[in-house]
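Have the structure open as you read.

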Amino acid sequence: MALLQVRDLSVRFVRKQEPTVSAVDGVSFDVQAGRTVGLVGESGCGKSVTSLAIMGLLPGRGTEVSGSVRLDGDELLRLPRRELDRRRGRDMSMVFQDPLTSLNPVVPIGVQISEVMERHRGMSRRVARGEAAKLLERVGIPDPGRRLKEYSHQLSGGMRQRALIAMALACEPRVLVADEPTTALDVTIQAQILNLLRELVAETGTALIMITHDLGVVAGTCDEVNVLYAGRIVESAERHELFAGPRHPYTAGLMASVPRLDTPRGNRLAPISGSVEDNIPWEDGCAFSPRCSRALPRCSERTPEIEPIEAGRWLRCHNPIEEHARNTERPHD
Amino acid sequence: MTETTGEPNSGSAVPDGAGAQEPADRPLVELRDLRVHFPIKRGVLLDRTVGWVYAVDGVSLRIDRGSTYGLVGESGCGKSTLGKTVLRLEKPSSGSIVLDGTDMSRVSGEPLRRMRRRMQMVFQDTLSSLDPRQSVESLLVEGLRAHGMDEGRGRTERRLRELLSAVGLPASALRRYPHEFSGGQRQRVGIARALAVEPELVVADEPVSALDVSVQAQVLNVLRDLQDEYGLTYLVIAHDLAVVRHVADRVGVMYLGGLVEEADSDELYERPLHPYTRALLSAVPVPDPEVEDSRERILLSGDLPSPADPPAGCPFQTRCPWRQPGVCDVERPEPRELGEGHRVACHYAESIRDGALPGGSAGTVE
Ligand SMILES: Nc1ncnc2c1ncn2[C@@H]1O[C@H](COP(=O)(O)OP(=O)(O)OP(=O)(O)O)[C@@H](O)[C@H]1O
Ligand SMILES: Nc1ncnc2c1ncn2[C@@H]1O[C@H](COP(=O)(O)OP(=O)(O)OP(=O)(O)O)[C@@H](O)[C@H]1O
Ligand code: SF4
Ligand code: SF4
Ligand SMILES: [Mg+2]
Ligand SMILES: [Mg+2]
C-alpha cells in the first residue's frame, strides 16, 4: 500500500453572506516512499488547499473537509488534534509558498531548526545545534556557523527558502509537501534547491508532493503528475507519458502556451482562450468547456468522470485527444 | 580595454539634425555608460549618506527602431531601475540617454513632456498601477488629455474602440473598472493605456510574470501583433529567460548593475559565453522530461554580492566556477566584442568557450 493515500478529498469554504467555495472537489492520488508526485495547475485551482488539507493545517471554522487521507494506513483526517500535531512534526512536514511568513522573525534561524530536532527527535540541545549546522551546510548555505545566529530578515530570499527546507528536513519526514518552493527565486538558486530535493528523495526515501505551476519544474522533478483544473484532477500520468502525449485538452493547452527556452524565436504561442472566470460549475458539465476547443454539446450537459485509461493513467474528458495523435501533435520536432 | 562597442565616433556631442546619421538607421534608444546610484541614508532625519546602492553601474546599449530588446537578470540586478531611467522616471547619476537623437539629460519642461509621450511603460502589477475608481474609458481618455490628444467626442470614441480591439478586448470594457477584469485582461488594459498616446517606445517591466501561463501567452501574442502593426520598439524586462527568448531580437544579460553579455537572441541562446549566462541557461527548467533528464547543469555556489558593496574586479567572481585569483578579483572585465554584435564582459570568455580553462567542470554536475 502506498505510504500516503488521498481519497476523494474535498474542501469547501462556507461563509455567511457569501457563496460557498468548493476549492477541492474529490481529489484522489497515492504517493509511494521515494517518489515525487506533482500537483500542477493555474492559480486558484486548489493546489495549496489540497496540501493544507493533507497536513491538517486548514482553519477549522467555516471549512468542511471530507474524504480520506491515510499515512501508513492511519486516517489523518479523523485524528485528534494533538496526535496530528505530533505526527506532523515527526512524519510529515511542509515547505510553504511564502518563506518570510513561515519563519519566526524574532528567533535566530539556528534555534528554530534545533528546536524541531529537540522536540521530534529527542536530541539534546548541544547535539541539535551541531545537526542544525550540518543541515544548513547541506542545503547550500555558506558559512553555516555564522548564519545559525542570524534572524530571517538578515538572509536573502534564496537563503530563507533554503533555511525553511532545512527546517522541514530537520525531523527527517517521511512525507514532505513543497508548495511552490522555488517560485520566488532566481533560476540559478532554484536549480540548487530542486537538486537538493531530488537528492533527498533518492537518499532518504522521503515521499515528496511537489506543488507548482511551472511545467518545467514538473518535467525535471516529478515521477507522476496530477493536473488540476477548478478543484478536480483532470489528468494524471507518469511524467514521460504525460509530456509525450497529453490526452486532456487542458493539459495540452497548458503545454502549448508555455514559451520554451529550446525553441527558436518566432514560434507563435497557442494560448488557451478565455480565463478561469469563464468556467461553468462541475455539476453542470465540464468546467473547462467554455474554453475548450474540443468541446462537444454533451460537455456542457454531463459532468465527465475521472476514469482509468491505461495502467497509471487517468483522464476526465468526454472528447480526449486521440492516442495516435501523440507524436504528430508534439509542437516542435 | 576601451574597444568602443559600435558606438558612433563622436563621443559626447549629440547630433541635432545636420550631419547626423539618417534617422532611419539611427537607433531609437542609446545609453552610454549609464549609472544610477541611490544614496543609503542614516540618522534621525535620514540626512547622512552612509553609502550607495550601485543599482545601474555603467551600462551602454542601443535599441534599434522597431525591434525588441530583452533585458534579463537576477532579482535586484537593476533591470527595473534601468527601464525607469530610460523613461526619465528615475534620474541618472551619470552617463547619457539619447532618444532618437535627443540627449534626454539636457531637455526639460515642455520638450521633455513631448518626448515623454513617445515613450510609455507597461508595469508588472497592473492592479496597483491602475486607479481602481476610474473606468477604463476615463483611464484611457486621461492619458490622451494629458498629451493634448483628445480630439472631440466622436474621434476619441472611435480611437478608444480601435485601441481596445487592438489589445483584444470588447468595446463594452470601456465602462468597466480594473477590478472587474481577470489578470490577463487587466494587463491588456495597461497595454491599451500605454498605446493610447501612440508611443514609439514601450518599456514593459515584467509584463507577464504575474499571469498564469495560458493567459501569459495571450498577452505575449498581443504585444507581438501590436509591434507588427505599429512598428513599436520594445524594451522588455523579464526574469523569465524563456519569455525573453520568445519575444526579443536582442538580449542583454545583467548582473549586479552591469551588462555582462549582449547578443542577438538566437546567438545568445545558442552560444552563451559569459559564465553567468551559461549558468542561467543551464538552470532554466524545460517542460520536457527527456531534455531535463539529460542536460548538463552548471550549479553555482557562493554568496550573492550586494549592490551596495560590489566586489572589486569581476562582479560575478563570488559565484563563478572559472574565476582566476589574481585577475578576476583585481580587474573589472569590460565588455568586449567577440563575434559580430556579441559582447561579453569576462576576462576568460575565449578560453571558457574553447574548454581551455579548468575549473568550470567542477561546477558541472549530472
Ligand atoms: N481560507 C479560504 N477561504 C475561502 N476561500 C479560500 C480560502 N483559501 C483558498 N480559497 C479559495 O480556494 C481556491 C483554491 O485556492 P488555492 O490556494 O488552493 O489555489 P492554488 O492552486 O494554490 O493557487 P496559487 O497557484 O495561486 O497558489 C481559490 O479559489 C481560493 O480563492
Ligand atoms: N529608490 C530606490 N532607493 C534605493 N535603492 C533602490 C531604489 N530602487 C531600487 N533600489 C535598489 O537598486 C537595486 C536594483 O533594483 P531594481 O528594482 O532595479 O532591480 P530588478 O533587477 O528590477 O529586480 P527584480 O527582478 O526583483 O524586480 C536593488 O538593490 C534595489 O534594492
Ligand atoms: S470534457 Fe469536453 S469540454 Fe471538457 S475538456 Fe473534454 S472535450 Fe473539452
Ligand atoms: S572575469 Fe573571471 S570571475 Fe568574472 S566571469 Fe570571467 S572567469 Fe568568472
Ligand atoms: Mg498556492
Ligand atoms: Mg524589477
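Contact here means heavy atoms within 4.5 Å. On that basis, 48 residues of chain B touch 45 residues of chain A. Keep in mind that this is a predicted model, where local features need pLDDT of at least 70 and side-chain atom pairs count only at pLDDT 80 or more, while totals for chains, interfaces and linings use all residues. Residues are numbered from 1 along each chain as its sequence is written, chains are lettered from A and ligands numbered from 1 in the order in which they are written, and side-chain values use heavy atoms, with hydrogens and water left out.

**Chain B against chain A**

Buried area is the accessible area (1.4 Å probe) that two parts lose on being put together, summed over both. For chains B and A that comes to about 4,000 Å², with 56% of it on carbon and sulfur atoms. Val213(B), His246(B) and Pro287(B) supply 15% of what chain B buries against chain A, more than any other three residues.

A salt bridge is a side-chain nitrogen of Lys or Arg within 4 Å of a carboxyl oxygen of Asp or Glu. There are 3 salt bridges between the two chains; one of them pairs Asp225(B) with Arg268(A).

**Inside chain B**

As for Glu74(B), its side chain meets that of Arg319(B) in a salt bridge.

| Salt bridge | N to O distance |
|---|---|
| Asp225(B) and Arg268(A) | 2.9 Å |
| Arg319(B) and Glu74(B) | 3.0 Å |

**Around ligand 4**

Which residues are the closest to ligand 4? They are Cys314(B), Cys320(B), Cys328(B), Cys346(B) and His347(B), out of 13 residues that surround the ligand (a residue counts if one of its heavy atoms lies within 4 Å). By class, that shell has 9 nonpolar, 3 polar and 1 charged residues. Ala, Val, Leu, Ile, Met, Phe, Trp, Tyr, Cys and Pro count as nonpolar, Asp, Glu, Lys and Arg as charged, and the others, Gly among them, as polar.
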